[in-house]
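Open the model in your viewer and keep the sequence panel beside it. The tour goes from one selection to the next and says what is there.

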Amino acid sequence: MPDSSAVHAATDLFDPVQLGPYRLRNRVVMAPLTRSRAQPGDVPSPLAPEYYGQRASAGLIIAEATQISPQGKGYAWTPGIYDAAQVEGWRAVTGAVHAQGGRIFLQLWHVGRISHPSLQPGHALPVAPSAIAPLGKAFTEAGFVAFVVPRALETGEIPGIVEDYRRAARNALAADFDGVEIHAANGYLLEQFLRDSSNRRSDRYGGSRENRARLLLEVAEAVVGVWGGERVGVRLSPVSPANDLGPDSDPQATYSHAVAALNAFNLVYLHVVEGATQGPREVPNGFDLQVLRRLFKGLYIANNGYDLALAAEARRHNLADLIAFGRPFISNPDLVERLRTGAALNPLDRNTLYGGGVKGYTDYPSLAQERAAGGG
Ligand code: 8OZ
């Protein structure tokens, strides 16, 4: 690992940057992180304002994936943004972040087939572009349960899903977020439509890559209609196998089409999970992430396995505009300060990632708390 003082001298990671209408304090982004601590009714945890407030020194926080509708839910205890109680819960979160001078977007989520009837309204089947079951297990309140064969959406149901995104976008505005990110990554509904491995439809939402990108583009249009493009980002994971999503037959062409078409909405950023989500950063031969970056008119946020050295290198070679850190932000509320000063990072407790309360959520110490406690 390079000497951290040399990295600091060279990097602009800790300098302000303009993101749409916002002057961010630095180029360090807190990635969206599922923590499964919501209350009944999919209302954000009462601890969430403290948790996000502790992390407000990030240039931008992207709050955890949040279902746009009851049907969009696929994990126990994830929050929603489809009713008034959820909006009130989120208002407390945005208030806590804004009180510290931070900025926070909300990630809008529909899981598609990555769910289970026990998580669905009326114990219905999860929905997807096509009736193809993913391999693996859903995280339900009763533990891990095998995925089922989803129900293929009728063409006539798709406008309702776009309306769910629009309502969620309006609710995020009412909750005083600074913007929203459309989650089109990691094998959830929008990416299930994008890839030909999971989309076998013969209507205008399947077949050609233009058709497979149609739902994402209709969602972007609806969300941008609420927020304006300068407050909307999109997250993609073009080569990730996350959630058993098979590779597209031509990922470069499919994702290039989607990104070029998204340019019509003047989005503020494209957020890319580089490589396999939470796994190796390698991309297959013939795929080039920088092609997507150059196609896209807005800012590029890079994510997946970055540390300080890799982030500084990405900036030095201008491979990304901002860098999103995920798991390091869970165990280090003051991650920006620790990276900037070369301080040691707290280790991550994997047993408290999902579910539970304070432990592993709001009790990771800042450097100041460590000093006050007389720690090393
Ligand atoms: C980890 C556990 C549960 C959900 C994603 C929203 O992969 C997630 C997620 C990650 O985007």
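A residue is called buried when its relative accessible area is under 20%, exposed when the area is over 50%, and partly exposed in between, using a 1.4 Å probe and protein chains only. This is a predicted model, in which local features need pLDDT of at least 70 and side-chain atom pairs count only at pLDDT 80 or more, while totals for chains, interfaces and linings use all residues. Residues are numbered from 1 along each chain as its sequence is written, and side-chain values use heavy atoms, with hydrogens and water left out.

**Stop 1: the barrel**

Helices (H or I, at least four residues) and strands (E, at least two) are DSSP runs, numbered from the N terminus. Two strands pair if DSSP finds at least two bridges between them.

Select S3, S4, S5, S10, S11, S12, S13 and S14: in that order, these eight strands form a closed barrel with parallel pairing. From one strand to the next, the twist averages 25 degrees; axes here are lines fitted to C-alpha atoms, for helices over the stretch in contact, and angles run from 0 to 180 degrees between N-to-C directions.

Now show S3 (residues 28-30) with S14 (residues 322-325), which run parallel and are joined by three bridges. Opposite Met-30 you will find Phe-325 in S14.

**Stop 2: strand S10**

Select residues 179-183. Is S10 buried or exposed? Five of its five residues are buried, so the strand is largely enclosed by the rest of the structure. In a regular strand the side chains alternate between the two faces of the sheet. Here Gly-179, Glu-181 and His-183 point one way, and Val-180 and Ile-182 point the other way.

**Stop 3**

The expected span of a helix is 1.5 Å times one less than its number of residues. H7 has 14 residues and reaches 20 Å from its first C-alpha to its last, close to the 20 Å expected. Its buried residues include Leu-215, Val-219 and Trp-227. Just after H7, Gly-228 takes a positive phi of about 80 degrees.

Move to H8 (residues 251-262). Its twelve residues should span 16 Å, and its end C-alpha atoms are 16 Å apart, which agrees. Among its buried residues are Tyr-255, Val-259 and Leu-262. With contact meaning heavy atoms within 4.5 Å, what covers the buried residues of H8 includes H7, S11 and S12.

**Stop 4: salt bridges**

A salt bridge is a side-chain nitrogen of Lys or Arg within 4 Å of a carboxyl oxygen of Asp or Glu. By this rule there are 18 salt bridges.

- Show Arg-167 and Asp-164, whose closest N and O atoms are 3.3 Å apart. They are three residues apart in helix H4 (residues 158-174), which means about one helical turn separates them. Arg-167 is partly exposed at 32%, whereas Asp-164 is buried at 17%.
- Show Glu-191 and Arg-195, which meet at 3.1 Å, N to O. Glu-191 is buried at 1% relative accessibility, and Arg-195 is buried with a relative accessible area of 1%.
- Show Glu-218 and Arg-204, with closest N and O atoms 3.9 Å apart. Glu-218 lies in H7 and Arg-204 in the loop between H5 and H6, so the pair ties together parts 14 residues apart in sequence.

Finish with Asp-12, Arg-27 and Arg-315, which are linked in a network of salt bridges.
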